[in-house]
Amino acid sequence: MTLYARVASALSVLVPRGLPLAVGAALLLVAGGCPAAKKKPAVVAESCTPVASGAWTGNAAFVEGTDDWGLSAVTGVHYEAGDLDGDGYPDLLVTEGTTNERDDYPTVRLRYVMMNRDNGSGGRTFVDETESSGLLVARDGNTTGTSHNFYVEGDVDNDGDIDLFAARDYDAGTPDATGDCSEIYLNDGQGHFTLATQSDVCIPEGYPTTAAAFTDYDGDGVLDLWVTGWYLAYGSSYEAAQAHLYHGNGDGTFTDVTDVEGLKLKAGTNNNYLDRDVRHASYGATACDVNGDALPDLISSSYGRAWNQLWQNNGAGFREVAESAHFDADTDLDYTDNWAYECYCSANTCDPAPAAACNGSFDSNSWSPGFDDQPARLAGNSFTTVCADIDNDGDNDILTAEIAHDWAGNSADRTQLLLNDGTGVFDRVDNDTDGLARKRPANKSWNEGDLFAGFFDFDNDGWRDILVVQSDYPDTHMWLWRQTSPGQFEEVSDATGMNQEWPSGLAIADFDLDGDLDVVTGSSTARTGTPWTTHAAHLYENQQSGNFVRFTGLPVGAKVEIDAGGQYQMAEVNGGYGTSGITNDTVAQFGLGDVCMVDSVTVTLPGGETHSFENKAGNKAVKLEW
């Protein structure tokens, strides 16, 4: 059956959107509006003793603990953190990210399932349980490996444990003998996985999956799945893969609802590439509520100097609003310093005049007037879009992580912070204004290869900081910016020890549950000059400590708002985001500054149902139940 035939068949039996499903203990929404908040009685007996503030004072906040944590033999470029076995400690999934190639365990290792265990001496270590995990078992019965590129985590069957979407990045230009496609693996609660009944997430003819995120777009208490893809035939056509939205059925199967929810776009060919309603090659999928209506919106981070796309969830379908939200691209359209334009102008009369003479990097035919000078070709190479409330004003702000090159000049979008006005419209803050600007090497080429990024409060002062993981261009490394005041940042990569060269991948989690967030990344070997010989893993253990609170028991998409000593913070639990399914544990963790008692907590579920709690003691994990 073709993809479109499957869609038509599925839609004939799909429960109409807006009618909630009773699944497990899911709390049903009442038709006609959101129910009133359900308030937990105050727990007046709870108390806690504040510890010394962890606010950063210039010390090396991060120390590499790779060997101590048992990761010295692990290699990979994609990392996902989450509690796979339900013991409270985040475990680690690692993949090499190869296309059309399976593991051949134990000879060829393309993935690792590293479980977080007691080391017997009062500490923690990761133990390799890949073989027993079940994630080497393919649909055809092979038990030594699959060709899945990365995972995203979420409880798809509402049984209380983390299940997995295993993404297959099919490459049409590489021979494929595996027959694999994207799959769902169900967890038994102990970190052992079995294949779910195959459903629409498997596209048999192959799909170039680059990113995915779990979300609950319709507020029915069952996780859905947002998946984006790259070019269908890279190098020969601009045509990109259609992004897909899959409705969760509650049993590990999914139904493709892309068309019925208004997300289907026309093919972007060489002739209509400049149109807004065409598909773009995407490297990042993100789902978060950007306009505060408790309905997750969908984001696709576009590659190829193309506009990013943002679909607003209206409760009865989606509408693309990136332009009006100021999310599509920045406003710098000056292409006069593009090297290809300068070389074109060396053989043609140009208006406007080029900023400099041709330096010989391009020939005079490398620029196409009427195409390369249009706004749709002057945007960015976007990889990861991060959503979080960076300025503690109650709405989700955004960081876009971009690759930019010297030859493209000023018109190429840079990594940038976008502040939300509360309605889903963003103010693109100039990097020179907020402190995120970077000095570029003088009189030499430069590349900003930002692939992975995260918001996290590394010093527990109550304000999120920004971590960017660059790729494998010369002079690239990890970048950490500390938020010094609302919306203002200082670069502290070297001073904190968060400055590894040529990194790849990102997972942020409190692996030892000591109250501060640790960082895992890998090593890139893609380009000449790298100091690495393998894709070696690196774990950077946070030494900051400080007051914190960690909320568990929350579904993906839940928005958690706290007031601790008069300081307001908000976090939304994510089910993977950005490129290759960045997953930083499915919890909500907050730094609390100088206090440890949380005066009030409000949890808003996708769809709008709210629950309130009072007087929760910090400096521990708190499981929220209702």
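Predicted model: local features only at pLDDT ≥ 70, side-chain atom pairs only at ≥ 80, totals over all residues.
Trainee: How many aromatic pairs does the count come to?

Mentor: A pair of aromatic rings is described by the distance of the centres and the angle of the planes. Rings pair if their centres lie within 6.5 Å. By this rule, the count is 26 aromatic pairs.

Trainee: Is the pair of Tyr231 and Tyr303 stacked or edge-to-face?

Mentor: The ring centres of Tyr231 and Tyr303 are 6.4 Å apart, and their planes meet at 80°. Planes over 60 degrees apart count as edge-to-face. The pair of Tyr231 and Tyr303 is therefore edge-to-face.

Trainee: How many residues apart are Tyr231 and Tyr303?

Mentor: Tyr231 belongs to the loop between strand 12 (224-229) and strand 13 (244-248). Tyr303 belongs to the loop between strand 16 (297-302) and strand 17 (309-313). The pair thus links distant parts of the chain, and the separation is 72 residues.

Trainee: Is Phe383 buried or exposed?

Mentor: The relative accessibility of Phe383 is 7%. Buried means under 20%, so Phe383 counts as buried.

Trainee: Which charged end sits over the ring of Trp307?

Mentor: A charge sits over a ring if, among other conditions, CZ of Arg is within 6 Å of the ring centre. For Trp307, the charged end lies 3.6 Å from the centre of the ring, and it belongs to Arg276.

Trainee: Where is Pro352, which a cis peptide bond joins to Asp351?

Mentor: The bond between Asp351 and Pro352 has omega of about 10°. Pro352 is found in the loop between helix 3 (339-345) and strand 19.

Trainee: Is Asn619 buried or partly exposed?

Mentor: Asn619 is not a glycine, yet its phi is positive, at about 60°. The residue lies in the loop between strand 36 (610-617) and strand 37 (621-623). Because its relative accessibility is 23%, Asn619 counts as partly exposed.

Methods. Residues numbered from 1 in each chain as written. Heavy atoms only, no water. Phe/Tyr/Trp six-rings, centres within 6.5 Å; stacked < 30°, edge-to-face > 60°. Helix = DSSP H or I, 4+ residues; strand = E, 2+ residues; numbered from the N terminus. Buried < 20%, exposed > 50% of the residue type's maximum accessible area, 1.4 Å probe, protein only. Lys NZ or Arg CZ within 6 Å of the ring centre and 35° of its normal.
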